[in-house]
Amino acid sequence: MPSLPALLTRTIHAAARVSPTFAGDLAYRLFFTTSPRMPVREADAPTLDDARRGTLHVRGIEVSTYEWGGGPHAVLLLHGWRGRASQFAPLVRELVAEGFRVIAFDAPAHGTSGGGRTDVRDWVDAAEQLHAVHGPFATIVGHSFGAFAALTVARSTVPTGAVAAIAGAAGPDAFLAEFARELRLDPATTARLTERFHRRLGLDRATVSARYDAARHPLPRETALLVVHDRDDRRMPDSDSLRLHEAHGERSRLLRTEGLGHTRVLSADATLDAVVALVTGGLEAVDALGSIAPDETQTRRRTPRRTTGRTAAATTTTAATSTATTKPPVTRTAAMVPNTAIPSPPPSANPIS
């Protein structure tokens, strides 16, 4: 029997020929669908089992929280739409080994949390509550929709020294535009979808931009930014990440990978190295990744804590030098660039991962 999302997708185009308003309402319902819930990957289950668990109440919904490690400084992790906290297991292991406490949660209608509906306000509410108990956070890390949420809270109510935005976007317009493109929605249907989205938040377009667009309204000056995005991400193309990176000038670093798509980039070694460097040493430590010799890098990889294989080779490019580090077996590549020149993204052809 077809799932509800499949049935809605089949219906939207037919409905648009009769009533773009009705088609937009169907698209709106599909846009906010969170089912089916992502299961825990077998490789991530031991890390999830090691967590100290708790609960929050977010707009009346019981939300599952997770805590690892016991260090004096904490890092907050925000998963994406249809994701769950367990996806961060490789990063959790890295950060705990570096002496950090790591805090995460399953948003409403995700993971083991209750509820059937959610939106960005729930991510914000949960982050605020966790900040009150565990903050301040040294860094906030977000993946996909969680990256958008991380940028939102860091710009408003949860101050932090750094944000790592992985496979995300600067604001909600990018998610709406990509959803409309993927479903091939006509302009009238897209307009209705956008109208319903703004109505849900109770805000007009200008206010949504001011509150949620981190490129037009960047992070506080004291907050550093790491942007990670794969060139072959078909679920969320990297154009909005490039816009976000450019808006933050010299306090942003951009890591671009290839061949990892939207999900695998989260646990890629290049991503883990860059995020751990940001958390432990700031942008200077991120920059230093590109100048490490191959034999030194192999030692520094902390192999016993890694369960993933070599998935990317990182390079750091500055205005004056370009140093590449490659380590066999390498099957994908990544480029780390400070905000000096942003290469144009190539057309994406790989399937969503």
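**Reading pockets, helices and bonds in a predicted model**

Modeller: Let's begin with the second largest pocket, whose lining has three nonpolar, five polar and three charged residues. Asp, Glu, Lys and Arg count as charged, Ala, Val, Leu, Ile, Met, Phe, Trp, Tyr, Cys and Pro as nonpolar, and the others, Gly among them, as polar. The model is predicted, so local features need pLDDT of at least 70 and side-chain atom pairs pLDDT 80 or more, while totals for chains, interfaces and linings use all residues. Residues are numbered from 1 along each chain as its sequence is written, and side-chain values use heavy atoms, without hydrogens and water.

Colleague: How much space lies in the second largest pocket, and which residues are closest to its centre?

Modeller: Rolling a probe the size of a water molecule over the atoms shows where empty space is left. On a 1 Å grid over the protein atoms alone, a pocket is an open set of points with protein on both sides within 12 Å along at least five of seven lines, a cavity is a set where a 1.4 Å probe fits but cannot get out, and lining residues have an atom within 4 Å of a point. Points are joined across faces, edges and corners, and volume is the space filled by probe spheres set on them. Here the second largest pocket holds about 280 Å³. Of its 11 lining residues, Arg29, Phe32, Thr33, Gly116 and Arg117 are the closest to the centre.

Colleague: What volume does the largest pocket have?

Modeller: About 820 Å³. It is lined by 32 residues, and Trp81, Arg82, Phe179, Glu182 and Arg235 sit closest to its centre. Two or more lining residues come from each of α2 (20-31), α6 (145-154), α7 and α8; helices here are DSSP runs of H or I with at least four residues, strands are E runs of at least two, and both are numbered from the N terminus. Helix α7 gives the largest share, six residues. By class, the lining of the largest pocket divides into 17 nonpolar, nine polar and six charged residues.

Colleague: Which residues of α7 and α8 meet?

Modeller: Two packed helices are described by the angle between their axes and the distance between the axes. For α7 (residues 172-183) and α8 (residues 187-201), the axes come within 11 Å and cross at roughly 145°. The axes are lines fitted to C-alpha atoms over the stretch in contact, with angles from 0 to 180 degrees between N-to-C directions. Pro172, Leu176, Phe179 and Ala180 of α7 meet Thr190, Leu193, Thr194 and Phe197 of α8, where contact means heavy atoms within 4.5 Å. That contact has six nonpolar, two polar and no charged residues.

Colleague: How many cavities of 30 Å³ or more are there?

Modeller: Two. The second largest cavity has about 50 Å³ of space, and its lining is Pro172, Asp173, His198, Arg205, Val208, Ser209, Asp213 and Arg216. Helices α7 and α9 (205-212) each give two or more of these residues, and α9 gives the most, with three. This lining has two nonpolar, two polar and four charged residues.

Colleague: And how many salt bridges does the whole structure have?

Modeller: Side chains of opposite charge can pair when their charged atoms come close. The search finds 18 salt bridges, each a side-chain nitrogen of Lys or Arg within 4 Å of a carboxyl oxygen of Asp or Glu. One of them joins Glu67 and Arg101, at 3.9 Å from N to O. Glu67 lies in strand β2 (residues 61-68) and Arg101 in strand β4 (residues 101-105), 34 residues apart.

Colleague: Which peptide bonds are cis?

Modeller: Most residues other than glycine have a negative phi, and most peptide bonds are trans. The bond from Ser35 to Pro36 is cis, with omega near -5°, and Pro36 lies in the loop between α2 and α3 (45-49). Gly135 to Pro136 is also cis, with omega near 0°; Pro136 is in the loop between α5 (120-134) and β5 (137-143). As for phi, Arg82 has a positive value near 65°, and Arg82 sits in the loop between β3 (74-78) and α4 (89-97).
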